[in-house]
Amino acid sequence: MTNTPAPLDTYKRALAAATRALSGERDLDVQYGGDVGGVVARPSNQTSNQSGQDTEVQVVLPLPPSKPTKTAIAKSRGEADALALKLALHDVDIHAKNRPSPGPALAIYEALEQARVEALGAQVMDGVGDNL
């Protein structure tokens, strides 16, 4: 008797691998859970050889439904791609330097940054553009 992984487990592994590849972070921690995806940065537990504190980045994706539909798969792929592109193309220091005060301007600023990284990714990779 062979142990073949469930289709959902195979999908989750493939989505995590694609997220790592697109982000450029080979060791990216990709987890599933919750209703909304996001990127979490935490101080690293490992000692850094550099001055300053290292951070570990984790991507959390919503758990796909047990019987995913074509729409649910497209949505999860798009969300994973958007988060990976932000990791690959977003400059935290420049973004923080130019960030406006909280309020409507900040919301617009954040939305424009996400649109910028998604547009850059979609220009280079057709499949990513389709997912977004």
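Residues are numbered from 1 along each chain as its sequence is written, and side-chain values use heavy atoms, leaving out hydrogens and water. Because the model is predicted, local features need pLDDT of at least 70 and side-chain atom pairs count only at pLDDT 80 or more, while totals for chains, interfaces and linings use all residues.

Start with two helices (DSSP runs of H or I, at least four residues, numbered from the N terminus). Helix α2 spans residues 70-89 and helix α4 spans residues 104-124. They pack at about 95°, with axes 9 Å apart. Axes are lines fitted to C-alpha atoms over the stretch in contact, and angles run from 0 to 180 degrees between N-to-C directions. α2 and α4 are therefore roughly perpendicular (65 to 115 degrees). From α2, the contact (heavy atoms within 4.5 Å) takes in A82, L85, K86 and L89. From α4 come E110, Q114, R116, V117, E118, L120 and G121.

Q114 touches A82 and K86, with residues up to four places away in sequence not counted.

Now the charges. The whole structure has two salt bridges (a side-chain nitrogen of Lys or Arg within 4 Å of a carboxyl oxygen of Asp or Glu). One joins R99 and E110, at 3.4 Å from N to O. R99 lies in the loop between α3 (92-98) and α4, and E110 in helix α4, eleven residues apart.

Key: Parallel < 35°, antiparallel > 145°, perpendicular 65-115°, else oblique.
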